[in-house]
Amino acid sequence: MKWIFARRVEGMSVAGIARLLNERAVPCPSAADPGRNRHRSGEGWGAPTVATILENPRYTGRQVFSTLKIELVYRRSWRTRDEAENDLFAYIDGFYNTERIQKDLGWLSPDEYEAAWHAAQAEPTTIPASPTRSR
């Protein structure tokens, strides 16, 4: 996701980003997780898919900032900017990422979800041997 946003910030078109992702053989979301994307073909990246990612509230931060305002900002006031920055860092790094469970992450915290994802990527996929038939 960071790569997609970085290319867009650099001025690359949405179609150009999709083309590069396909050239680099990066699996599109519907190929990587067909269970969640049954309505898509999984044949590759398209401009609409990239545009949807670039507008997604989770990826743009709107969802996180809304939660941050409700859970922290509206409940406190600070005397200095430094106090506010320290509380903000403590909230994100000390609570939101490490402890706050989220339904969309299978009731895990972001840190737990990321660790589980990396562990799953590290495990080799074993394909059972096909049974041999003797005639």
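**Salt bridges, nonpolar core and loop residues**

E10 counts as exposed, at 56% relative accessibility (buried means under 20% relative accessible area, exposed over 50%, and partly exposed in between, with a 1.4 Å probe and protein chains only). The structure is a predicted model, in which local features need pLDDT of at least 70 and side-chain atom pairs count only at pLDDT 80 or more, whereas totals for chains, interfaces and linings use all residues. Residues are numbered from 1 along each chain as its sequence is written, and side-chain values use heavy atoms, with hydrogens and water left out.

E10 is paired with R7 in a salt bridge whose closest N and O atoms lie 2.8 Å apart (a salt bridge being a side-chain nitrogen of Lys or Arg within 4 Å of a carboxyl oxygen of Asp or Glu). In contrast to the exposed E10, R7 is buried, with a relative accessible area of 15%. Five salt bridges are present in the structure. Another of them joins D87 to R76, with 2.1 Å between the closest N and O atoms. This pair connects distant parts of the chain, eleven residues apart, with D87 in helix α7 and R76 in the loop between α6 and α7 (helices are DSSP runs of H or I with at least four residues, strands are runs of E with at least two, and both are numbered from the N terminus). D87 is partly exposed, with a relative accessible area of 22%, and R76 also counts as partly exposed, at 40%.

A further salt bridge is formed by R81 and E85, where the closest N and O atoms are 2.9 Å apart. R81 and E85 are separated by about one helical turn because they are four residues apart in helix α7. An α-helix has 3.6 residues a turn, so residues three or four places apart point the same way. R81 is exposed, at 67% relative accessible area, while E85 counts as partly exposed, at 41%.

The largest nonpolar core has ten residues, namely I4, V14, I17, A18, L21, C28, W45, V50, I53 and L54 (a nonpolar core is a set of buried Ala, Val, Leu, Ile, Met, Phe, Trp, Tyr and Cys residues joined through side-chain atoms within 4.5 Å). At least two residues of this core come from each of α2 and α4, and α2 gives the most, with four. In helix α2 (residues 14-23), the buried residues are V14, G16, I17, A18 and L21. These buried residues pack against α1 (2-9) and α4 (47-55). Apart from neighbours within four places in sequence, L21 is in contact with W3, I4, V26, W45 and V50 (contact meaning heavy atoms within 4.5 Å).

Helix α2 is followed by A25, whose phi is positive, near 60°. A25 is located in the loop between α2 and α3 (29-32) and is exposed, with a relative accessible area of 63%. W107 has a positive phi of about 60° although it is not a glycine. The loop between α7 (81-96) and α8 (110-122) holds W107, which is exposed at 53% relative accessible area.

On the surface, I70, V73 and Y74 form a nonpolar patch with about 310 Å² of accessible area together. Patches are made of residues with over 30% relative accessible area and no salt bridge, with like charges joined within 9 Å and nonpolar side chains (Val, Leu, Ile, Met, Phe, Trp, Tyr) within 5 Å; accessible areas come from the Shrake-Rupley method with a 1.4 Å probe, and for residues only the protein chains shown count as cover. Y74 is found in the loop between α6 (62-71) and α7 and is exposed, with a relative accessible area of 59%.
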